Amino acid sequence: MKDLKILAVVVFFTLVTYWGVEPFAHSQMHKHVEGHNFTYPDIKASGLKGDPAKGKAAIAACTSCHGIKSQGIKAPMDAMAASAAYGVNPPDLSNVGALFDTKYLIAFLQNPAHAAKAKKMAMPAGMAGTAQGAADIVAYLKSIAPKELSAKEAFVTACGRCHANRYGKWTQIGDVPKTKGNIKTGNDVELTKFKMNVAKYQDKLADYMGKLPPDLSIIARARSEHYLKTFVEDPQAVLPGTAMPRVGLTKEGFEKVDAYLESTGDPSKPLREKTGPWVLGYFVIFTLLAYGWYKSQWKGLGH
Amino acid sequence: MAHFDPNAKPFSHKWLNERLGVDTLKRVLSTEYWIPKNINFLWAMGMVLAATFGVLLISGIFLLMYYVPTTKEAFDSVNYTIMSQVGYGWLWRHVHAVAASVVFLIIYIHMLTGIYYGSYKRGRELIWISGMLLFVAFSAEAFSGYMLPWGQMSYWAGMVITNLFSLGSLNLNGLVEWIRGDYVPGQAFLGRFFMLHVVLIPLFIIGLIVLHFGTLRLPHVNNQDGEEFDFEAEAEKWKAGKRKESKVIPFNPVFLSKDVFVMGIYFIFFFYLVFYHFEFAMDPVNFDPANGLKTPPHIYPEWYFLWSYEILRPFSKNIGLIAFGFAQVIFFLLPFLDRSPNVAPANRRGIFKIWFWLLVIDMVGLTILGKLPPVGTWTIVGTVFADVFIALWIALPFVTKMEKPVGGK
Amino acid sequence: MSDRRDFMGMALGGFAGLGALGALYAAKRTWDPLPSVKAGGFTTLDLSNVPENTLVVEKWRGKPVLIIKVPKNAKPNSAPNGNNENAYDDKRLVTVGGHKYMIVIGLCTHLGCIPDYFPEKNKFICPCHGGQFNAAGEVLKAPPPSPLVIPPFKITGTKVVLGEEGPEYKKLLAAGVVS
């Protein structure tokens, strides 16, 4: 009994200390931002019904800068030329409809910088003409969006032109190519060229954004899920003044991106969660056996 | 000259006994190493610490096989190679990080147990001092290990802590640069802290552990009531079969059986943390790679350094450093600052009981305050707690001098 | 010492041993080659531009791979197994795009040195202990105990992927001539 009382005292002080240095300290360090679950309440729904056919007819307004690979439309410039011209490579629009919020996209087409809450945006306002025009184009993009999108494709469309992910072998201009070096010199000219292009792209991007957006390889461990969620939903609300634009992901779109970030940032999670119960179970049995041994050894000691 | 039986089979018990004295070793180290019977689970903390050190050693060896001590590759060798490529690399890393943190919890419990039961005086001074040396060595080991992943917290902790060696207004910047081998923490810094972490400090720790065990042998382990008795006489009783009457038990198997049971409970707790609750020991900020051009918005040491960090923080630069230095050495002096002859649990020692609990509360308070942003009210509260800490230690000789002798049980 | 006491101690000890085995398993896995090493175990070679009777050195799994487009008129030699007079007719050669190639791991089967090729003699001589091989990798002179090893390969057109086991490789394997 005495042991239990002592244990209670030890546990009490341990828990107080833990509470102080973890939950309490973090509540004092970071203001808590309650997200809106990707509903974007500040953007009013237009109520307009888009016509995909009309949107398709008007898509030339987009394809002067963007490609739509799934429809066989190539981007007019490659990533390098585009970044030299705009500071950043405009995204391919194939998967846009699958990831982003309709209401947000309509608002974005009318005034990108405003919808994205960004100081500047390479994309000019009013490209779609009227609000109805925007709704038509969004309806078209939604109509061509693939039903199934892999986590990596979601990441590439939503984040991949500004953020690299080196653990996922992704750079802002694409996957790191598999190349073969020269066996006599050990040089790999193709890879070196690729790396130089990445460097050039990153320099342009850093000029455009004010800093180089961080590599997201391990962001899943560096930030809490709640932080990532609220930050992606509304960067300015979490980190005022950040250069990161609001990208307008839907809840499902964010979950896809988050799944990719977790796969590169915390790949051991599945095995960790599988191994945990076995190890804990082992030590429970170990402790029971040890208790039996202890009791048998201390029997008759008058203690 | 010992007698060697020419007919003893090689590696037989007799053969070994003649050459290595295995029977004597077994007797001295385990079956006739006498421990008081009147103890509680806190007496198992020593073995828990030894086990945790073993866990750190083993997990560290596996990490060492893949870790690359260069500023360019350290971060990815830990976070990519070890965490995602090496089979069970993540397990070793989680185990190593959690053990490095939890070991300090056990050290503090072990230390406070010693203070509470007065296990640092009347022959036990060297136990205390060697234990404090271990505390310092573990602190150095923890700090040097914290540098190795080369994340933001590694870099900035390295920056701040090495800057302490400029010793305030003495401005010994040359010394700071000498410690770093550079103007800022860089390759030279990482290389030498890597060496310290994996070779030099562990060697010290192993030596100190042996010393710590050695200092325990003659004065014997204390007991719950601080009772003094004749160990040899009690041991004779045990050997004569009067197990109930004897006040002692042999280390192996009786004491060990309780130790192992406590260890079992400890390991359930430990592996729960390893698998499900590791953030406290693996700070998310350190998953951002080191960047010498950007300090993280909040920087703080690991939790176990917070109390002494908080003693440094509320004061002006020089006074803070002096207070910090005071906090580092004052625990060493405990056996000499306690002027009371009583070896008894604090609850029987009158005013010392209050002193003890004030110390615990003050250190927990300092720990919590040490992580809070140093603004507004927290600064004031922090100053109060730091002052109380210093006042407690100044008061200790007077408090204990006035203490009335209490008999044994 | 009662029986129960012994039993509990031994049960606990045994169970602790079980845990140690588990830890050993994790340790063994930690010691395994990394996935990146294993993924690096495939090398694709294009043989379309390989000149005749010229040694081409490639690298596969860190080891040198020697390739020779064996000429029809390779000098006859006396391989100890006596099953051929001319390296061109050796079973060990691999036909890719209508030509016959020797594809072997370029480490002498004696103690692992890399033998040098002498095109005019159509044979290899190992610099370490003087072992000799013909242009198909067969031993001509001891000490090497066995022919140069043929790595697993798969043929696709004029390309050869080292590290994969194609039907041609399996045939050689079945014939027992790969090593």
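**Chain by chain, then the contacts**

Mentor: Start with chain C. The centres of domain 1 of chain C and domain 2 of chain C, taken over C-alpha atoms, are 49 Å apart. Keep in mind that this is a predicted model.

Trainee: Which residues belong to each domain of chain C?

Mentor: Domain 1 covers 3-32 and domain 2 covers 39-175, going by the domain assignment.

Trainee: And how many helices and strands are in chain C?

Mentor: Three helices and 11 strands. Reading from the N terminus, the order is α-α-β-β-β-β-β-β-β-β-β-β-β-α.

Trainee: What share of chain C is buried?

Mentor: 28% of its 179 residues. There is also a figure for sequence range. Take the contacts in chain C between residues at least 6 apart in sequence: 50% of them join residues at least 24 apart.

Trainee: Let's do a sheet. What is the strand order in the open sheet of four strands in chain C?

Mentor: E2-E3-E5-E4, with antiparallel pairing. From one strand to the next, the twist averages 35°.

Trainee: Which strands stand at the edges?

Mentor: Strand E2 (56-60) and strand E4 (94-96) of chain C. Each has a single partner strand, so one side of each has no neighbour in the sheet.

Trainee: Take me across it. How many bridges join E2(C) to E3(C)?

Mentor: Five, and the two strands run antiparallel. For a landmark, C:Glu58 stands opposite C:Val65 in E3(C).

Trainee: And how many from E3(C) to E5(C)?

Mentor: Five there too, again antiparallel. Look for C:Lys69, which stands opposite C:Tyr101 in E5(C).

Trainee: What about E4(C) and E5(C): how many bridges?

Mentor: Three, in the antiparallel sense. C:Thr95 has C:Lys100 of E5(C) as its bridge partner. E4(C) and E5(C) form a hairpin with two residues between the strands, and in that hairpin C:Gly97 takes a positive phi near 55°.

Trainee: Why is E5(C) called largely enclosed by the rest of the structure?

Mentor: Because six of the seven residues of strand E5 (residues 99-105) of chain C are buried. The cut-off for buried is 20 or more other C-beta atoms within 10 Å.

Trainee: Switching to chain A. What are its domains?

Mentor: Domain 1 is 1-30, domain 2 is 31-267 and domain 3 is 277-303. The centres of domain 1 of chain A and domain 2 of chain A lie 44 Å apart, over C-alpha atoms.

Trainee: I see H9(A) against H14(A). At what angle do they pack?

Mentor: About 105°, with the axes of helix H9 (residues 151-158) and helix H14 (residues 251-265) of chain A 8 Å apart. That angle makes H9(A) roughly perpendicular to H14(A).

Trainee: Which residues make the contact?

Mentor: From H9(A), they include A:Ala151, A:Ala154 and A:Phe155. From H14(A), they include A:Val257, A:Ala259 and A:Tyr260. By class, the contact has seven nonpolar, two polar and two charged residues.

Trainee: Now between chains. How many residues of chain B are in contact with chain A?

Mentor: 42, and they meet 41 residues of chain A. H11(B) gives the most to chain B's side, with 14 residues. That side divides into 29 nonpolar, seven polar and six charged residues.

Trainee: And chain A with chain C?

Mentor: There, 10 residues of chain A are in contact with 11 of chain C. Chain A's side has seven nonpolar, three polar and no charged residues.

Trainee: Where do I find B:Trp150, and is it buried or exposed?

Mentor: B:Trp150 is in the loop between helix H6 (125-147) and helix H7 (152-163) of chain B. Its phi is positive, near 55°. B:Trp150 is buried, with 26 other C-beta atoms within 10 Å.

Trainee: What about A:Lys169?

Mentor: A:Lys169 also has a positive phi, near 60°. It sits in the loop between H9 and strand E1 (170-171) of chain A. With 14 C-beta neighbours inside 10 Å, A:Lys169 counts as partly exposed.

Methods:
Residues are numbered from 1 along each chain as its sequence is written. Chains are lettered from A and ligands numbered from 1 in the order in which they are written. This is a predicted model: local features need pLDDT of at least 70, side-chain atom pairs count only at pLDDT 80 or more; totals for chains, interfaces and linings use all residues. Domain bounds come from an automatic or database domain assignment. Two residues are in contact if their C-beta atoms, placed from the backbone, lie within 7 Å. Ala, Val, Leu, Ile, Met, Phe, Trp, Tyr, Cys and Pro count as nonpolar, Asp, Glu, Lys and Arg as charged, and the others, Gly among them, as polar. Axes are lines fitted to C-alpha atoms, for helices over the stretch in contact, and angles run from 0 to 180 degrees between N-to-C directions. Angles under 35 degrees count as roughly parallel, over 145 as roughly antiparallel, 65 to 115 as roughly perpendicular and the rest as oblique. Two strands pair if DSSP finds at least two bridges between them. A residue is buried if 20 or more other C-beta atoms lie within 10 Å of its own, exposed if 12 or fewer, and partly exposed in between; C-beta atoms are placed from the backbone.
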